[in-house]
Amino acid sequence: FTIISCAKDSGSSSSSSTASTPMSTPTIADGNYKLSAVSVAIYYSSGSYYGSATYTINHDTSVTPGYTGYGMAWQGSGVYRITVFGKSTWLSGGSVVATLDCTTNNIADTTLDSDGNMTGETLIQSGCGGLSSTLTTVSVKYSAISGGFTKYAVAEDSSYQYRYTYTSLKQ
């Protein structure tokens with residue numbers, strides 16, 4: 001089954017059906033952030049725990065700016081323009097499981113509510129090849145941490161639910 005997903009947005013414009021209050025003040029500072037860690041907890045569709053994995057991220061320094069990361073730019077009214085860039089190889093247990101190639105940047109205007117939950121997204125430029133998935137995204141949440149931010153993404157298929165945590169640090 002798929003253990004890599006949610007590294008890039010689906011490319012569709014979406015919005016939540018639940019009314020929420022847009023983020024009024026940015027919680028994540030503008031700038032570039034290096035993807036430093038990715039982990040996933042996997043659950044059966046019944047809700048019972050299946051297992052987990054932590055990925056080692058090997059950044060391709062030959063691709064500008066030398067790492068895979070996120071550019072965060074506050075647009076106001078709850079919207080961040082998020083650019084995903086760079087190239088990296090992901091390993092688990094010493095084996096390569098995927099290559100994320102964002103040489104062509106993925107750019108989207110992402111709307112967050114006051115808790116950091118993604119409530120809408122408008123794709124500006126499609127990019128980031130290498131990771132394909134048939135999973136359905138359930139939710140995405142951005143949270144500020146010391147020195148950076150985390151992206152917590154929940155996705156599922158008919159058998160499993162995958163709860164990803166991406167940690168990125170300010171450059």
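**Close-up views of an all-strand predicted model**

**View 1. Overall architecture of the predicted model.** The protein contains zero helices and 10 strands, and the coordinates shown are those of a predicted model. Read along the sequence, the elements follow the pattern β-β-β-β-β-β-β-β-β-β. Of the 171 residues of the protein, 44% count as buried. The accessible surface comes to about 8,100 Å², and carbon and sulfur atoms account for 46% of that area.

**View 2. The largest nonpolar core.** This core comprises 32 residues, of which V38, Y70, M72, Y80, W90, Y142 and Y166 touch the most other members. At least two core residues are supplied by each of β2, β3 (49-59), β4 (69-76), β5 (79-92), β6 (95-112), β8, β9 and β10. Strand β2 provides the largest share, with five residues. Y80, one of the residues named above, has a relative accessible area of 0% and is therefore buried.

**View 3. Edge-to-face packing of Y33 against F149.** The protein holds 14 aromatic pairs. In one of them, the ring centres of Y33 and F149 lie 5.0 Å apart with the planes at 75°, so the arrangement is edge-to-face. The pair links distant parts of the chain, with Y33 in strand β2 (residues 31-44) and F149 in strand β9 (residues 148-156), 116 residues apart. Y33 counts as buried because its relative accessibility is 2%, under the 20% limit. F149 is likewise buried, with a relative accessible area of 0%. The ring of Y33 also has a charged neighbour: the charged end of K170 sits over this ring, 5.8 Å from its centre.

**View 4. The ring pair W74 and Y80.** The rings of W74 and Y80 have their centres 5.0 Å apart; their planes meet at 70°, over the 60 degrees required, so this pair is edge-to-face. Y80 is buried, at 0% relative accessible area, and belongs to the residues that touch the most other members of the largest nonpolar core.

**View 5. An aromatic cluster and a charge over Y166.** Ring pairs link Y44, Y50, Y55, W90, Y160, Y162, Y164 and Y166 into a cluster. W90 and Y166 are also among the core residues that touch the most other members. The charged end of K151 sits over the ring of Y166, at 5.6 Å from the ring centre.

**View 6. Y164 in strand β10.** Y164 lies in strand β10 (residues 160-170) and is one of the residues of the aromatic cluster. With a relative accessibility of 0%, Y164 counts as buried. The C-alpha atoms of Y164 and S39 are separated by 5.7 Å, although the two residues are 125 residues apart along the chain.

View 7. T137 lies in strand β8 (residues 136-145). Its relative accessible area is 43%, between the limits of 20% and 50%, so T137 is partly exposed. Residues up to four places away in sequence aside, T137 touches V154 and A155. T137 and V154 are 17 residues apart in sequence, and their C-alpha atoms are 6.1 Å apart in space.

Terms used
Residues are numbered from 1 along each chain as its sequence is written. This is a predicted model: local features need pLDDT of at least 70, side-chain atom pairs count only at pLDDT 80 or more; totals for chains, interfaces and linings use all residues. Side-chain values use heavy atoms; hydrogens and water are left out. Helices (H or I, at least four residues) and strands (E, at least two) are DSSP runs, numbered from the N terminus. Buried means under 20% relative accessible area, exposed over 50%, partly exposed in between (1.4 Å probe, protein chains only). Contact means heavy atoms within 4.5 Å. Rings of Phe, Tyr and Trp (its six-membered ring) pair if their centres lie within 6.5 Å; planes under 30 degrees apart count as stacked, over 60 as edge-to-face and the rest as tilted. A charge sits over a ring if NZ of Lys or CZ of Arg is within 6 Å of the ring centre and within 35 degrees of the ring normal. Accessible areas come from the Shrake-Rupley method with a 1.4 Å probe; for residues, only the protein chains shown count as cover. A nonpolar core is a set of buried Ala, Val, Leu, Ile, Met, Phe, Trp, Tyr and Cys residues joined through side-chain atoms within 4.5 Å.
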